[in-house]
Amino acid sequence: MMNKILKTFAVVLFIMNSQYFMAQQTIQDQKAYEMELQKAENDARKASVENHKRLDDKISELQKQQKEIEKQRKEVESKKKALVKSEDNLKSTKEKINKLELANQKIENKITTSSISDEEIQKQRLKTKENEVSIQKLKLTQITQQKELEKAISSL
């Protein structure tokens with residue numbers, strides 16, 4: 001009977017030991033799993049931080065490019081406005097020249113077709129000379145404006 005008790009005690013002790021070792025193994029496995037999980041989380045966190053940094057750098061670079069493009073767009077708009085202004089100035093000058101030339105033609109026609117006094121003819125001839133001076137000044141202005149227009153066109 002003592003032998004049976006000893007055997008039973010040995011079997012119970014053996015079972016308890018094996019359960020202890022199994023529990024120990026389970027705890028070790030659980031700790032290893034938790035360590036792997038923690039490592040994976042840390043790696044994911046590091047990767048996330050690196051990705052955020054890369055994205056922030058890319059965003060910063062794109063913002064710089066956007067500012068540069070906006071600056072270039074404003075320059076182009078400014079150059080276009082200068083071009084339009086130069087074209088308008090040149091057109092206006094041409095119109096003034098044409099108007100003065102037409103006025104001179106009318107004065108010449110008036111002188112030749114109507115019977116007016118010598119004094120009036122002298123006044124009209126003086127008026128045509130003044131118009132001719134104005135026309136020459138406008139033609140010089142026109143040359144300058146043409147150069148400005150060409151400069152504006154070449155800057156685009």
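## Lys123 and helix α2

Lys123 lies in helix α2, which runs over residues 118-155; helices are DSSP runs of H or I with at least four residues, strands are runs of E with at least two, and both are numbered from the N terminus. At 48% relative accessibility, Lys123 counts as partly exposed, because buried is set at under 20% relative accessible area, exposed at over 50%, and partly exposed in between, with a 1.4 Å probe and protein chains only. Lys123 and Ala82 are 41 residues apart along the chain, and their C-alpha atoms are separated by 41 Å.

This is a predicted model, in which local features need pLDDT of at least 70 and side-chain atom pairs count only at pLDDT 80 or more, while totals for chains, interfaces and linings use all residues. Residues are numbered from 1 along each chain as its sequence is written, and side-chain values use heavy atoms, with hydrogens and water left out.

Helix α2 has 38 residues and reaches 55 Å from its first C-alpha to its last, close to the expected 56 Å; the expected span of a helix is 1.5 Å times one less than its number of residues. The buried residues in α2 are Ile121, Gln124, Thr128, Asn131, Ile135, Leu138, Gln142, Gln145, Leu149 and Ala152. Their cover includes α1.

## Helix α1

Helix α1 comprises residues 2-113. It has 112 residues, and its span from first C-alpha to last is 161 Å, close to the 166 Å expected at 1.5 Å a residue. In α1, Leu83, Ser86, Leu90, Thr93, Ile97, Leu100, Asn104, Ile107 and Ile111 are buried. These buried residues pack against α2.

Phe14 also lies in α1, but it is exposed, with a relative accessible area of 61%. Phe14 and Ile143 are 129 residues apart in sequence, and their C-alpha atoms are 115 Å apart in space.

## Contacts between the helices

Two buried residues show the packing from either side. Ser86, in helix α1, is buried at 10% relative accessibility. Not counting residues up to four places away in sequence, Ser86 touches Glu148 and Leu149, contact meaning heavy atoms within 4.5 Å. Of these two partners, Leu149 is among the buried residues of α2.

Thr128 lies in helix α2 and is buried, with a relative accessible area of 9%. Leaving aside its neighbours within four places in sequence, Thr128 is in contact with Asn104, Ile107 and Glu108. Asn104 and Ile107 are among the buried residues of α1.

## Overall form

The secondary structure of the protein comes to 2 helices and 0 strands. The radius of gyration is 50 Å, well over the 15 Å that the globule rule gives for 156 residues, so the protein is more spread out than a compact globule. The radius is taken over C-alpha atoms, and the rule is 2.2 Å times the number of residues to the power 0.38. Along its principal axes the C-alpha trace spans about 170 × 20 × 15 Å.

Among contacts with a separation of 6 or more, 79% are between residues 24 or more positions apart.

## Surface and charge

Of the 156 residues, 12% count as buried. The protein exposes about 13500 Å², and carbon and sulfur atoms supply 58% of this area; accessible areas come from the Shrake-Rupley method with a 1.4 Å probe, and for residues only the protein chains shown count as cover.

There are 32 positive and 25 negative charges, and their mean positions are 2 Å apart. Lys and Arg count as positive and Asp and Glu as negative, with His and the chain ends not counted. Each charge is placed at NZ of Lys, CZ of Arg, CG of Asp or CD of Glu.
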